[in-house]
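Work through the following exercises with the sequence and the model open side by side. Each task is followed by its solution in steps.

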Amino acid sequence: KMKKLSSLLPDADISLEKLAKQALISQLQEVNRKMAIFEGRYNQEFKEFAKSWKQMKKKQKLTHPIESDYIDWEALDEYKRELMKAIHSL
């Protein structure tokens, strides 16, 4: 499909790549915004929070708000790394 499109529109590959990169950057900005909420709440970055979470007593770390934040924040951190990798591969 890309070959057909590129023969009709020679700059299509560049445009699609640029559009994809802009979409990924937009997603990255949204992830950073969401992560900033957690960073503000706990006054630290995820790496520090994860380290302290692992050292918490089981009863404390499994309280719903803390465990839920950990799971959500961890997912955002992982997604951020995937987005950055994808952006740099374009």
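**Exercise 1.** What span should the 26 residues of α5 have at 1.5 Å a residue, and how far apart are its end C-alpha atoms?

*Solution.* This is a predicted model, in which local features need pLDDT of at least 70 and side-chain atom pairs count only at pLDDT 80 or more, while totals for chains, interfaces and linings use all residues. Residues are numbered from 1 along each chain as its sequence is written, and side-chain values use heavy atoms, with hydrogens and water left out.

Step 1: Step 2: the expected span is 1.5 Å times one less than the number of residues, so α5 should span 38 Å. Step 3: the end C-alpha atoms of α5 are 38 Å apart, which agrees.

**Exercise 2.** Find which element has the lowest mean pLDDT and which the highest.

*Solution.* Step 1: pLDDT is the predictor's confidence in each residue, from 0 to 100. Step 2: the protein averages 87, and 83% of the residues score at least 70. Where pLDDT is low, the predicted coordinates should not be read in detail.

**Exercise 3.** Starting from Phe 49, follow the ring pairs.

*Solution.* Step 1: rings of Phe, Tyr and Trp (its six-membered ring) pair if their centres lie within 6.5 Å; planes under 30 degrees apart count as stacked, over 60 as edge-to-face and the rest as tilted. Step 2: by this rule there are eight aromatic pairs. In one of them, the rings of Tyr 42 and Phe 49 have centres 4.5 Å apart and planes at 50°, so the pair is tilted. Step 3: Phe 49 is buried at 1% relative accessible area, whereas Tyr 42 is partly exposed at 23%. Step 4: the rings of Phe 49 and Tyr 70 are also tilted, with centres 6.2 Å apart and planes at 35°. Phe 49 lies in α3 and Tyr 70 in α5, so the pair ties together parts that are 21 residues apart in sequence. Step 5: ring pairs link Phe 38, Tyr 42, Phe 46, Phe 49, Trp 53, Tyr 70 and Trp 73 into a cluster.

**Exercise 4.** Is Asp 69 buried or exposed, and which side chains make polar contacts with the Asp 69 side chain?

*Solution.* Step 1: Asp 69 is found in α5 and is buried, with a relative accessible area of 10%. Step 2: leaving aside neighbours within four places in sequence, Asp 69 is in contact (heavy atoms within 4.5 Å) with Phe 38, Arg 41 and Tyr 42. Step 3: a polar contact is a pair of N or O atoms within 3.5 Å; within protein, one must be able to donate a hydrogen and the other to accept it, and residues adjacent in sequence count only if both atoms are side-chain atoms. Step 4: the Asp 69 side chain makes such contacts with the side chains of Arg 41 at 2.8 Å and Tyr 42 at 2.5 Å.

Note on methods: Helix = DSSP H or I, 4+ residues; strand = E, 2+ residues; numbered from the N terminus. Buried < 20%, exposed > 50% of the residue type's maximum accessible area, 1.4 Å probe, protein only.
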